[in-house]
Amino acid sequence: MLRFITSRLLQSLLALFAVITATFFMIRFVPGGPFTAEKAVTPEILRNLEAHYGLDKPLWRQYADYLGSLAQGDLGPSFKYPNRTVNEIIGDKLPVSAELGALAMAFALVLGVTLGTLAAVFRNTWIDYTASGFGLLGISVPTFVVGPLLVLGCAIHLGWFNASGWYGPSDRVLPTLVLGLAYAAPISRLTRGGMLEVLGQDFIRTARAKGASEWRVVTRHALRGGLLPVVSYLGPAVAGILTGSFVIETIFQIPGIGREFVNSAFNRDYTLVLGTVILYAVLIMALNLVVDVVQAWLNPKVRLEG
Amino acid sequence: MEAVAANPAAAPEQGSSLWHDAWLRLRKNRLAVAGLVFLLFVAASCLLGPLFSSYGYEEQRLDLGASPPGAQHWLGTDTLGRDLLVRTLTGGRVSLGVGLAATFVALTIGVVYGAVAGFVGGKRDAFMMRVVDIMYSLPFPIFVILLMVFFGRNIILLFVAIGAVEWLTMARIVRSQVMAVKRMEFIEAARSLGYGRRRIIFRHILPNILGPVIVYTTLTIPAVMLLEAFLSFLGLGVQPPMSSWGVLIKDGAEKMEEFPWLLVFPAALFSLTLLSLNFVGDGLRDALDVRSSKD
């Protein structure tokens, strides 16, 4: 198990290094710089600015400097927000996205697992058809359609919520609903598939023969195995919840890290782009690692293949 | 599948009967048939519709402004007085086109990569699949966003970028299928006849794994179209005055308070198209009896 984790860890570090290097050089070969948009910058001021941020040094030198400070956890100063560091900006914006993501994921898991389990237990009844229909619908109707439609219905026509913003608890409802629904759908499909497979196995028959109640059979015996496909989906899904939130944050004007990332790319804010990319990469890799370990723990067969 | 593989001499006849069986099974699946019919209808309308319309997709009538659906403009007009029906159909051309083109890119890379990895096996295979594992763990949507921001929202770049993201799963599926097929006797026979690797891979192995490839291709198209619309929604994909479903939904979402039809029609058509593609994909999976796909 330890060897398994170490090898995955090394692999992730290698990938992370590749991401940092690729991003660093990619954004430098792009036309335009962080100061080109500002009006009336004389060549002299531009030189001073570039000297201040070290942009006048050779590229390999900047790269080495960046890696050096990164090793100490310093993501550098932002080019667009004077006197602010990337660490501070991320510290401001990440909790917002994390809160939204956590709420949405919790909602998606509860709804998705419940629907998927119901669909599997009551296979080929109207309950199954309703739940499966919901699953297909949720996969096909994207967040940027559901979001505006819900805003139109619940916020503008019925006036239950604010159409945008991120202040009170009621502002959390619509974004959580929209983001959560998008993930509840695939989760319900995976749960249904996994549960159907498990429910057909011998040990379930044994449990039933023992006289265990249907409730106990499903929750105690079947769910553990039936949720395996869901667990392996969760890594990419949590990553997707972070990237999917670009759209949600745009629709509901939420001051999260996703919007900040898109803006920083438009602004050529080199350090902020790099900082957010690194943040996403680390999160995704860490989550995938956790998923691998949990999967190995739930299913010894996977452990051997790893 | 197995029938074909086990008896290669009779492959042509057996093959056609396999596809025939699949077609019969597919025809019984009412949802899949409905999806297929709807898709053909949408594709035909998008291709032909704008030709028969008296309005152009860029044609503005500022005096008209945004008008609700009526006899003149069946789906109404947008704030610049452009006919929404024509813009939706033209946008459909772009969305479907990008979907097909990017899927083709993903299909080509994924099949070749997966087939080679599965066929050569051993250390080279392990290395190639490690590369795929690593690429899986990269934040790709972020790279696509960066690409689009930096390199000027070129539509060709858009589908190359999307295709380059979507090939990974295809490579995995093809590899596992190739590994299963390559141990069969008819491959041994081909080898002993002295055929080269390339010929064996493309002429003998690939035709036998077409089922899963077709199924996954059908399921890739909606994923790709979603990504295109997602980028266009963020203002990074197709640029106005050109239209695509993502662009129209973005415009509609901005103006939905006053002019809800601008959102409702493109959004409905887009969702129904994706739903149909998923129905057809699921139907094909059941018809071809493929179990190795994602869920």
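At what angle do helix H7 (residues 155-181) of chain B and helix H10 (residues 210-233) of chain B pack, and how far apart are their axes? In this predicted model, local features need pLDDT of at least 70 and side-chain atom pairs count only at pLDDT 80 or more, while totals for chains, interfaces and linings use all residues. Residues are numbered from 1 along each chain as its sequence is written, with chains lettered from A and ligands numbered from 1 in the order in which they are written.

The angle between the two helices, which are DSSP runs of H or I with at least four residues, numbered from the N terminus, is about 155°, and their axes lie 10 Å apart; axes are lines fitted to C-alpha atoms over the stretch in contact, and angles run from 0 to 180 degrees between N-to-C directions. H7(B) and H10(B) are therefore roughly antiparallel, a term for angles over 145 degrees. Residues including B:Leu158, B:Ile162 and B:Ile173 in H7(B) meet residues of H10(B), among them B:Tyr216, B:Val224 and B:Leu231, where contact requires C-beta atoms, placed from the backbone, within 7 Å.

Turning to the two chains, 29 residues of chain B are in contact with 39 residues of chain A. On the chain B side, H12(B) provides the largest share, 7 residues, and the residues of that side divide into 24 nonpolar, 3 polar and 2 charged.

How values were computed: Angles under 35 degrees count as roughly parallel, over 145 as roughly antiparallel, 65 to 115 as roughly perpendicular and the rest as oblique. Ala, Val, Leu, Ile, Met, Phe, Trp, Tyr, Cys and Pro count as nonpolar, Asp, Glu, Lys and Arg as charged, and the others, Gly among them, as polar.
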